[in-house]
Amino acid sequence: MVAGSFLPLIVALALAPLMQGVIIRTKSVVAGRQGQPLTQPYWDLWKLLHKGAVYSQTTSWIFQLGPVVWLVSLLLALTLIPFGGFPALSSFSGDFIVVAYLMALGRFSTVLAALDTGSSFEGMGASREVTFSALAEPALLLSFAALARQTERISLSPVLTAISWSAWAHSAPTFSLTLAALLIVLLAENARIPVDDPTTHLELTMIHEVMVLDHSGPDFAMIQYGSALKMWLFAAIIIGVAPPWHRGGPWAETAVSLAGMMVFAIATGLVESSMARLRLLRVPQLLLVAIVLSALAVAL
Amino acid sequence: MSQVINSLLVLLVLTGFTLLGSSRLAACIRAVGFQGLLLGLLAILMQDGKLSAAGVLLPLTTAVVKGILLPWLLFRAMREADTVREVEPLITYNVSIIAGTAALALTLWLGQRLQLPSEPPSSLLVPAALFTSLAGIIVIVSRRKALTQVLGYLALENGIYAFGTTVALRLPVLVELGILLDVFVGVFVMGIAIFHISREFDHIDTDKLVALSDVG
Amino acid sequence: MIELLILIPAGAGILAFFVASDQSRRVLLISAALGQSALSIATWIVPPGPAFGGWLAEDPLGRLIETLTSVLFLAVAFYAVAYLREEARQLHSDFEEGFIFSNAREASFTGCLLLFLAAMTLVAVSQHFALLWVAIEATTLASAPLIYFHRHHRSLEATWKYLLICSVGIALALLGVFFLAVAATSPDGSTIALMVRDLRSNAQHFNAPWLKAAFVLLLVGYGTKMGLAPFHTWLPDAHSEAPSVASALLSGALLNCAFLGILRAHEICVAGGLAGFSDRLLLVFGLLSMAVAAVFISGQTDYKRMLAYSSVEHMGILAVGVGLGGAAVFGAMLHVINHSLTKAMLFLVAGNLLAVYRTKNTDGVAGALSVAPVSGGLWLLGLFAITGSPPFGPFLSEFTILKAALDQGETLVAVAYLAILAVILAAMATPALAMAQGTPPEQVAPAHPKSKALSVVPSILGIAILVMGIYIPPVLTRALREASHLLG
């Protein structure tokens, strides 16, 4: 293990809800509304933390454990993600596999919690979530493999620092394909349009939101916060792979990356405003495309 | 330069997947047309600087015929036949994409095995070309609409042409024009046939053309 | 001179589209056919020099196929004029399903017929592999409209299958041509133009794996066009649904042209020391085609389809002959001629029978000898000839191939070959006899054939088949020997 910086983790913890706020705000503006303040996600979390949780009589300790494991696994995953010019808190050979499986663990716990409720809605959501994640996972791992192969490093922090302008100039096709694949994975893993609509009110069409329907109060806060962190995690990797800016030291680079994250959030909002959700049957096809793209990136 | 060629080849592969994964005929026609444009560009870039008038005009003609003229013809055929989508292919789009991935793996393996006498400008060239052809064949055998089958034929032809750019630079201009003319007339005649099929049968589903058979 | 061989039919073909009067268009067809065949006969007396820097030239093989095509076309042209006159009515009712259909414009039919001839001639005389490919694909495109002469759904289906399957097959052959170019490239990057002669003289230095792959692709590609099983699926449909004039040319002339494409590739393999490889492949596909044809001929109730499958069988025989090598190649070359003459005659006669009985079903035809004595007689003669009965031409060539197989010790091949021929003889003789004899059904069309050409042309072909079985002119023997010499 190499000692790294706390900075990427702190930035993530502090700004992940803000990113959600930017996305929501962008969508409001595009829709012609004024929209909620950018800090609203923080207030929502605050509000949820001060409420009591309601537990159905049919649920067991698994239901209460779910959100905790979810949040913890994402926090652990975040310690492996570098940001800007700073390496991650810890980094070791093959750490991206750990990242992928920590997220899988988090998902597993929420799925278990959903099944524990015994509600058919939640079961449906859980089954969809698992189906699509199962298809997204190969794409994610293949993307990591492509990056590792191209940069000849097998740990996230060195991989992302190794991606420089010259690396892009040398193998732009690989990186663009990986980026495209990662983008699709981000959309699928974070319940974004066109895969899932996080704001819809029709449970039948939901994937992620319907799965966490029964959680309330602090439990729901953990789930919401975890979701924001997950989005941040993926976006941070994407910003790290995107054409880099190794100039003016780590602080300047961090500032640029932060700006990049916000631009990314705005772009996400714009995409969500302009696209409709895909039919559920088409989602696997989209994920297959991601697998193909990442496989092609590995092969190049 | 090799980066540009590589990127174009990646795009070529992606158009192949578009053809495999899309049910909308318009998207498929555009994908195949885009392949034509890519082929023209590739053929120009392959000549590493030694440009001659014929070396530019011929790929340009290819690009115009395969990228603009043929798609236009096919769009016309699509309107005549009043068809927008390929409905219920014999294998689903997802399976088509998986088959395409398998084909890609196969061609990448072949590309490493096959020893070309002279080093091609990109190691991806032979795999991308053969993959495009295989994608075309998958489409021909798995789709019902006559129009989609023509698109598969064109993709097959495009892949072969792409392979030809490694060796065909030494083919005389007249022959290349002849090949292009054959493909053009071929698609033209097929377009006419599609028009007749849609008028005679009110559809262009070739799996319903079963009047002639000795089996069953 | 070679250019003229192509330019005459090509020019006349384009002209035919614009000639309004049926009468003058028919005169144009006949005169173009006459001029072209006179010219190709003249090439036997005064061998023409190569044209376009050697791209077009007549070697023994090409000249044989070219002349055969021209002569056959001339015969068919005379028949076609009479046929088109009969077909000139606007609407026809379908024999099988009774619906009303119209014909394609006669101008486009005649035009395509002539362009088809031009493309086939180009196949025969082109010495460059890529040009050969262009020409073979051109034959597909020129002949597709011929199949869709009768505008109804069955012929349309046949046309579509023909177009798509052959185009896909031929596209693979293009890949084969490119592979050949790779095989011909030496490690230092110098290449050889894809001319048959240059390739043959340098073939020892070729890259063997690429050459093998090229041969396989060319065999599959042109084999599709030639109707070798299992790529033959389009053939019975196209040959049975096309009007008889077109069927005669498709079976009698076009299949030879596709065969020529395979022979050219085989030539290179023989010169490159890979004869063992290409021989085996030809042998396997040949026997497979014969066997598949035998299966489908047995119990076939549609006599035009029966003839079409018989073409598959004979293409198999040609492949077997070339695959055996040695004396069998001579037999195969002779068989090219015999099969073309016989099959063209049979399709023309089938057209006559179709006009009389208005059905393609063998059960619907009886007493042909009494209703239409000439056609009935020729039908019987032709079917016996095509199944290899003496004293007709095909017997001689099939026997030559069999004898060569036995002489080479290929007993297994000989036995399989003989067994398949016996099965086909039995399967075709039964309906042939039943169609010729017996009492005719009552509602047969009276007074047929109306035009003399409809029976004269097949009769001439019939006499030719008989002559070929008894006496082969020495000039032909020499030509066949020269042609087979190229193939080892």
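Q: How much of chain B is buried?
A: In this predicted model, buried residues make up 51% of the 216 residues in chain B. A residue is buried if 20 or more other C-beta atoms lie within 10 Å of its own, exposed if 12 or fewer, and partly exposed in between, with C-beta atoms placed from the backbone.

Q: And what's the figure for chain A?
A: There, buried residues make up 49% of the 300 residues.

Q: Before we go on, how do the numbering and the cut-offs work?
A: Residues are numbered from 1 along each chain as its sequence is written, while chains are lettered from A and ligands numbered from 1 in the order in which they are written. Since the model is predicted, local features need pLDDT of at least 70 and side-chain atom pairs count only at pLDDT 80 or more, but totals for chains, interfaces and linings use all residues.

Q: Got it. How many helices and strands does chain B have?
A: Chain B has 7 helices and 0 strands. Helices (H or I, at least four residues) and strands (E, at least two) are DSSP runs, numbered from the N terminus.

Q: How compact is chain B?
A: Its radius of gyration is 18 Å, close to the 17 Å from the globule rule for 216 residues, so chain B is as compact as a globular protein of that length. The radius is taken over C-alpha atoms, and the rule is 2.2 Å times the number of residues to the power 0.38.

Q: What box do the C-alpha atoms of chain B fill?
A: Roughly 55 × 35 × 30 Å, taken along the principal axes.

Q: Now chain A: what is its secondary structure?
A: Chain A comes to 12 helices and 0 strands. Its radius of gyration is 19 Å, which agrees with the value near 19 Å for a compact globule with 300 residues. The C-alpha atoms of chain A fill a box of roughly 60 × 45 × 35 Å along the principal axes.

Q: Switching topic: how many residues of chain B are in contact with chain C?
A: 34 residues of chain B are in contact with 35 residues of chain C. Two residues are in contact if their C-beta atoms, placed from the backbone, lie within 7 Å.

Q: Which helix of chain B gives the most to that side?
A: Helix 7 of chain B does, with 13 residues. Helix 6 (146-167) and helix 7 (173-201) of chain B each supply at least two residues there.

Q: What classes of residue are on that side?
A: The side of chain B that touches chain C has 22 nonpolar, 7 polar and 5 charged residues. Here Ala, Val, Leu, Ile, Met, Phe, Trp, Tyr, Cys and Pro count as nonpolar, Asp, Glu, Lys and Arg as charged, and the others, Gly among them, as polar.

Q: OK, what about chain B against chain A?
A: 13 residues of chain B are in contact with 12 residues of chain A. The largest share of that side of chain B, 7 residues, comes from helix 1 of chain B. By class, the side of chain B that touches chain A divides into 7 nonpolar, 6 polar and no charged residues.

Q: How many residues are in the largest nonpolar core?
A: It has 356 residues, and those with the most contacts inside it are A:Leu287, B:Leu147, C:Val76 and C:Tyr79. A nonpolar core is a set of buried Ala, Val, Leu, Ile, Met, Phe, Trp, Tyr and Cys residues joined through C-beta atoms within 7 Å. Helix 6 (residues 153-183) of chain C gives the most to this core, with 22 residues.

Q: What is C:Tyr79 in contact with?
A: Leaving aside neighbours within four places in sequence, C:Tyr79 is in contact with C:Val245, C:Leu348, C:Ala453, C:Leu454 and C:Val457.

Q: Where are the cis peptide bonds you can show me?
A: One joins A:Ile193 and A:Pro194, with omega about 10°. A:Pro194 sits in the loop between helix 8 (172-189) and helix 9 (208-211) of chain A. Another joins C:Ala229 and C:Pro230, with omega about 0°.

Q: Last one: is A:Glu152 buried or exposed?
A: A:Glu152 counts as exposed, with 9 C-beta neighbours inside 10 Å. A:Glu152 also has a positive phi of about 55° although it is not a glycine, and it lies in the loop between helix 5 (120-151) and helix 6 (156-162) of chain A.
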